[in-house]
Structure formats: C-alpha cells, structure tokens
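Morning, everyone. I have one structure to walk through today. Here it is.

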Amino acid sequence: MSMPPEIQAIQFTGFVLSVTFHIVLLFLIWTKATKQFGSYKILMASFSIFSIFYAFVEIVTQPIMHISGTGLMLYTSFSIFSKEFGHLLAAFYCSSFGLCVLFLSAHFFYRYTAVCSPRFLRMLDGLKVFRLLIPVVFLGLVMFLDICWFGEPTDFKSEYLSFKVGQIAAVFYTHSPSGSLQIFWKECIGMFIVWIILFFSISSIIYFAVSTFRTVYHHTKLRKSKKNCEIHRQLFHTLIVQSLIPTFILFLPTGFLLTLPFFDVKEVGRIANAPGFGACFYPALDALTAIIMIKDFRHAFFCCCRPRIPRVRVSSIPESMFTHLHS
C-alpha cells in the first residue's frame, strides 16, 4: 500500500532538514566545542550520527500504522522488500524509537555525573564515554528481538485487522462468540517488555534531570566556577528542551496509541499516523535545538548564515599633504 504523495513530500522534507542540521551540528561539535564540554562532545556526536541514521531508516521505511479493535499493525510503504526483510526493517524502526529514549537517558546520566559527581568523570574520560552506550545498545537489541518475536504477522492477525499486508502485527485479546475472553499472552508479554524498557528509561531521565537541576541551581547561587557553571547550565537546558520536544510530538502520542488496543477501540483512523509526522521532523528539531541554545554554536552558525558586507578600507592621508595642497 502506497503512501499519499503529500505525506511523502513531508517525510522527504523532514529527512533533508534532519541530515542538513545534523551535519552542521557535527561540524560545530568538531570545531567549536570547548574543553569544558569534556567527553560529552563525543556523546553528542554519537547521538547526532544516530539521528542521521534514524532519519535514513524513517525515509526508507515510510511506516503506516493501523489500529482496530484489540490489535495494531505497522507496515512499510515500499513493496520492494520481501516479507521477511520488511518485518526486520519495521522491527528495527520500532526499536529505534526506544533507542531515542535510551540515548537521552545516557545524556542525562553524563550531565548528572559531570555536575553532581565530577570525581567519577575519569571513568568516562575520552573514549571511555562509550561505556554509557553499552546499556543503550543492549536494551535496544532486547527491544528489537522482542518486537520481532511478538510482532510477527500471521494470517489470523491479518484477518482480524482486515489487512492483508503488514510487517508488524499484534492482537492482544479477543472475545469469542460465547462472550469468553481469549488472551494472547505472547503479544501481551512482548508489549509489557517494551513498556518496562521505556519506563526504566523515562524514570532515569526524570531522576537525573531533577538532581542535576538542583545542583546547577545551588552552584549558581554560590557563584562557583562561573565559566563551568555557565556551560553546564547551557548543556543542561539544551538537554531539557531536547527531551521535551520528542516527549510531546513523539513519545506521548505513541504511548497513547499503543494503549488503545487494550481498550478495544473499534477504529482509530488516520490519527494513528500522527506520531509519524513528529518522527519526520524530530531529528531536525533536535539538532536545531543544540545549535541555537549552545552559545558558541549559535554565534558560529548565525555568523556563517549572515551575509558578509564588504568592508571599504580607507587609507589615512598625512596632514602634511593637506598643508601642501593649500599652500
């Protein structure tokens, strides 16, 4: 099933903006990040590279979600993929959504360590910062395998959802003609694992954010290390905005839609694809937030965008020349 041309145009626009802004951000991280950033610039660059990869996956997948009754289905718009590869691609797209949350929790943990427990930063110095990505990759892999396991499409799921295509499908329970409830535990357990991973990530973000905010505010009141406090404040505020944007345009709408099948909603319609629009522009907004909110990045970016006015050099004329002309 093909996607409407106007939606394809929106997705392509979001893809171009995402790649462009993240390439700019990577350049600014490489050239303008001061030593006060520490190893955090490596973490920022890693997330930026992941966001570019996420944008590629999103434009290739072009996912469409269908929710009806107690089931849901996600399928890719391109029909060139085989059924098996399309299933893996759709599962990876879904797990990359979880990776966004996990990456943010890793960022908040680093900021928490840098502000609240700086003595432990030596454990994350240089390339050691990639240690933070070990649980990110591990939990992302668990989510991917979990979605592949419980989201495998079957003839029963396609018949129940009245769709003959679909790379990811799940039906959580049904009512028999006699009125008895039949629960499909495989799908319920699989979705529960997804919720557990997301709940763990979001809870850690909230805890590290509150603790970091209290410490930054306390140090600002005491006027300790003004330069370090300023960069910590900028990076922390940037991270807060980078978390709020996907929360409202991606995480909350998707979480809401994933709970609807448990309430046996008969037909959701096109609103089921609302998070897809957020997914198109989220990587671009994430990079733009960092570019605008970090002072050194902002100055460099707007100086490059500002048209240069050629300067007219006026040479000085010796006063003796004027005396000679008037004499």
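Helix 2 passes helix 3 in a left-handed crossing. Before I go on, please keep in mind that this is a predicted model.

Let me stay with that pair. The axes of helix 2 and helix 3, residues 83–116, come within 10 Å. They cross at roughly 160 degrees. Anything over 145 degrees counts as roughly antiparallel. So helix 2 and helix 3 are roughly antiparallel to each other.

Which residues of helix 2 meet helix 3? From helix 2, the set includes Tyr 40, Phe 47, Phe 50, Phe 53, Tyr 54 and Thr 61. From helix 3, it includes Leu 89, Phe 92, Tyr 93, Phe 97, Phe 103 and Arg 111. The residues of this contact divide into 18 nonpolar, four polar and two charged.

Now the other partner. Helix 1 covers residues 5–32, and helix 2 covers residues 40–61. Their axes come within 9 Å and cross at roughly 160 degrees. Helix 1 and helix 2 are therefore roughly antiparallel to each other. Helix 1 passes helix 2 in a left-handed crossing.

Who is in the contact? On helix 1, residues including Phe 12, Phe 15, His 22, Leu 26 and Ile 29 take part. On helix 2, they meet a group with Met 44, Ile 49, Ile 52, Phe 56 and Ile 59 among them.

Next, single residues. Start with Thr 61, which lies in helix 2. Is Thr 61 buried or exposed? Thr 61 has a relative accessible area of 0%, so it is buried. A polar atom of its side chain lies 2.6 Å from the backbone oxygen of Val 57. Setting aside neighbours within four places in sequence, Thr 61 is in contact with Thr 76, Ser 77, Leu 89 and Tyr 93.

Thr 76 turns up again with Gln 167. Gln 167 lies in the loop between helix 5, residues 155–161, and strand 3, residues 168–171. Its relative accessibility is 13%, and the cut-off for buried is under 20%, so Gln 167 counts as buried. What does Gln 167 touch, not counting residues up to four places away in sequence? Leu 74, Tyr 75, Thr 76, Gly 86, His 87, Ala 90, Gly 151 and Pro 153.

Ser 162 is in the loop between helix 5 and strand 3 too. Ser 162 has a relative accessible area of 63%. Exposed means over 50%, so Ser 162 is exposed. Its C-alpha atom is separated by 8.9 Å from that of Ser 68, 94 residues apart along the chain.

Last one: Lys 157, in helix 5. Lys 157 is a charged residue, yet it is buried, with a relative accessible area of 5%. Beyond neighbours within four places in sequence, Lys 157 is in contact with Met 73, Phe 150, Gly 151, Glu 152, Ala 169, Ala 170, Val 171 and Glu 187.

Finally, the whole chain. It has 10 helices and five strands. Of its 327 residues, 47% are buried. Take the contacts between residues at least 6 apart in sequence: 77% of them join residues at least 24 apart.

How values were computed: Residues numbered from 1 in each chain as written. Predicted model: local features only at pLDDT ≥ 70, side-chain atom pairs only at ≥ 80, totals over all residues. Heavy atoms only, no water. Axes fitted to C-alpha atoms, helices over the stretch in contact; angles between N-to-C directions. Helix = DSSP H or I, 4+ residues; strand = E, 2+ residues; numbered from the N terminus. Parallel < 35°, antiparallel > 145°, perpendicular 65-115°, else oblique. Left-handed = near helix turned anticlockwise from the far one by under 90°. Contact = heavy atoms within 4.5 Å. Buried < 20%, exposed > 50% of the residue type's maximum accessible area, 1.4 Å probe, protein only. Polar contact = N/O pair within 3.5 Å; in protein donor to acceptor, adjacent residues only side chain to side chain.
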